Amino acid sequence: MNKILINLCVAGAGMALVASCQGTANNETVMTTQPESITDYANYPTYDGEDLGLVIDGIVYKFKLWSPMADSVAVNIYENGLGGAAVSRHEMLADKTRGTWSADLKGDLMGKFYTFQVMIDGNWLDETPGVWAKAVGVNGERAAIIDLKTTDPEGWELDKGPVLEHNTDAVLYEMHHRDFSIHENSGITNKGKFVAMVENGTLSSNGESTGIDHLKELGVTHVHILPSYDYNSVDETQLASNKYNWGYDPINYNVPEGSYSTNPACPQTRIREMKMMIQALHNAGIGVVMDVVYNHTGITQGSNFELTAPGYYYRQREDGSFSDASGCGNETASDRTQMRNFMINSIKYWMNEYHIDGFRFDLMAIHDIETMNAIAEVANAINPNVIIYGEGWTASDSPLPVERRALKEHVNKMPGIAVFSDDIRDAVKGHYSNVEDPGFASGKPGNEETVKFGIVGATAHPQIDFAKCNNSKFGYANQPVQVVNYVSCHDDPCLTDKLKKSMPGTTEDERIAVAKLAQTIVFTSQGIPFMFAGEEVYRTKKGVHNSYNSPDSINAIDWGRKSRYRDLFDYYRGLINMRKLHPAFRMTTAEEVAKNIVFDEVDTDNLISYSIKNNANGDSWNEIKVILNGAAKANEVVVPAGDWKIIVKDGKISETGLGMCDGGKLTVAPRTALILAKEK
Ligand code: CA
């Protein structure tokens, strides 16, 4: 039986309720079981339609909320995004077979705001914009009624992200909007905003390019933006207080964050400005990957999930308490159909409405393999160039059985997905949280086999003794495209700070040499390379590791460093350029990697030597010799005689050659790479 529709409209704004009887018409044909109790989540009716929240159809405003256990649901209409009493309130009509509630309202609602309110066991819960708000007022408390078309910047219909032949062609650059532009030295007007990226020709006080010009100069293919949906921790009504947060505390998953807009109180502005940012990057040939945090919410009680369908969206322990694999107080339940539907439809929405080119899944192993594969399938159908990767681990234990988790070790069951290689990360620079621990590049022996594991893109290679690897004891990637190689990201100390802490008694020049060596390993390894914004100007977070809410003085990138560390910047730029010009570093199959990469017998600590042979992957270079010396002393290697062009030596790089050599016994300077190439 459907609920009786009661029109409680008190507003005289010419609003009228339109009968909404979709559910009734289908009651005979849709068979579902009904849950026996509120915790009988497996038997909740589900709904995969994409019209949850609000759909505007001409003059009819169609509100819909999924909440199978509600006694009643109402939608409230407000004049403003914050404050003031509701101008009208309308009870909604239930469709028990789908678990949805609908109200179709007629009238001039454009520009107004709305909330839903759910009654459970006779009690009205707090109001919520629901989980499908696509526009919100300030701080995301109320959903906004706007025509999304009015948020499109000029030319948006022609906007398109870059096309890569293979995802191994990508160069990922992980960036926080505020870090990137907030420093006084950025030369950018709209500091800390989405539209910082729209400004061309910006310069540091030393005359170095900043902003989007800096990205073009560096040569990255994709900007990976830290959480950019509406999050909780920055009060959007108090922007002058300059609060900072990474943003891993989602509120409204399908709306941009207000504090990155120039006017959070205007619902259209944040949407339009985020689109402008994406368009500017696309026009520069740069794709946009968004960090998505579907695995947990910032708050549990009072979250939009809880205010919509209490208990359903989160996993529970046997005693009924919320489980916490995220370490943030809760974990979502992608293994429940409606949470899975939510994630899939949210990804589709960001791709279709915002032209997002890829997604980075936070704590991806909280999600189940089936959900991640479904997401990859849907996303690839929209854009075959989509890049999907994630953290293949959880922060703590989960009720989700290990075999179902989207773990790094299970990536071979997720063909369209890549995982971060913490293997190469920790092997190259040392343990991520034990800050004093050095790694291969900073002189600690014993990491050689794990670095080699990284070089072959975590695939099965006949010359690697996986038993000797520090972390994973098998090559988990079916193909190199399933692994993201990196040495640092927003988490933990940045590379500059890590090297300072783990290499006591060294000079800055010595540590810069190690930074160059570390990134040389990343950019010459098979797989997808990833770097943390600002590492190219030797960025420091002043020793702060978990800088998620540290002030700008810690997190801002000081662009004055670009001239000071210009040599390092040019080296990174050279690495990216070399990688882009040479497909040998971007092989697409494990078979090619196994055939073309040949490691040399080396019996010296912190020394690795290998060749990439056979004009690998159609490369113009017939053979590339890569020698990595992480030792604090020079080491000798013997290279077969030939006409070798010197590409990297003594901390310098030139794709066209620094000079020539005939091979033989060669000396590799301390903490440097030597890369040689021959045409035939
Ligand atoms: Ca917010």
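Which residue of E10 does Tyr114 stand opposite?

Tutor: Tyr114 stands opposite Ala143 in E10. Keep in mind that this is a predicted model. Now to the strand itself.

E8 covers residues 113-120. Eight of its eight residues are buried, so the strand is largely enclosed by the rest of the structure. Buried here means under 20% relative accessible area. Look at the two faces in turn. Phe113, Thr115, Gln117 and Met119 point one way. Tyr114, Phe116, Val118 and Ile120 point the other way. Residues on both faces are buried.

Next, the partners. Strand E4, residues 72-78, pairs with E8 over seven bridges. The sense is antiparallel. Tyr78 has Phe113 of E8 as its bridge partner. E10 is made up of residues 143-144. E10 and E8 also pair in the antiparallel sense, over two bridges. The Tyr114 and Ala143 pair that you asked about belongs to these two strands.

Then comes E9, residues 123-124. Two bridges join E9 to E8, and the strands run antiparallel. E8 and E9 form a hairpin with two residues between the strands. Within this hairpin, Asp121 takes a positive phi near 50°.

Other loops hold positive phi values too. Asp650 has a phi near 50°, and is not a glycine. Asp650 sits in the loop between strand E25 (644-649) and strand E26 (652-653). With a relative accessible area of 45%, Asp650 is partly exposed. For Asp492, phi is near 65°, again positive in a residue other than glycine. The loop of Asp492 runs between strand E19 (483-485) and helix H10 (495-502).

Asn295 has a relative accessible area of 0%. Its loop lies between strand E15 (287-292) and helix H5 (304-308). The side chains of Asn295 and His296 are joined by a polar contact of 2.7 Å. Beyond its neighbours within four places in sequence, Asn295 contacts several residues, among them Ser326, Glu331, Asp362 and His367.

Asp362 leads on to the largest pocket. Among the residues nearest the pocket centre are Asp362, Trp246 and His490. In total, 29 residues line this pocket. By class they are twelve nonpolar, nine polar and eight charged. The space inside is about 730 Å³.

Note on methods:
Residues are numbered from 1 along each chain as its sequence is written. This is a predicted model: local features need pLDDT of at least 70, side-chain atom pairs count only at pLDDT 80 or more; totals for chains, interfaces and linings use all residues. Side-chain values use heavy atoms; hydrogens and water are left out. On a 1 Å grid over the protein atoms alone, a cavity is a set of points where a 1.4 Å probe fits but cannot get out, and a pocket is an open set with protein on both sides within 12 Å along at least five of seven lines; lining residues have an atom within 4 Å of a point. Grid points are joined across faces, edges and corners, and a volume is the space filled by probe spheres set on the points. Ala, Val, Leu, Ile, Met, Phe, Trp, Tyr, Cys and Pro count as nonpolar, Asp, Glu, Lys and Arg as charged, and the others, Gly among them, as polar. Helices (H or I, at least four residues) and strands (E, at least two) are DSSP runs, numbered from the N terminus. Buried means under 20% relative accessible area, exposed over 50%, partly exposed in between (1.4 Å probe, protein chains only). A polar contact is a pair of N or O atoms within 3.5 Å; within protein, one must be able to donate a hydrogen and the other to accept it, and residues adjacent in sequence count only if both atoms are side-chain atoms. Contact means heavy atoms within 4.5 Å. Two strands pair if DSSP finds at least two bridges between them.
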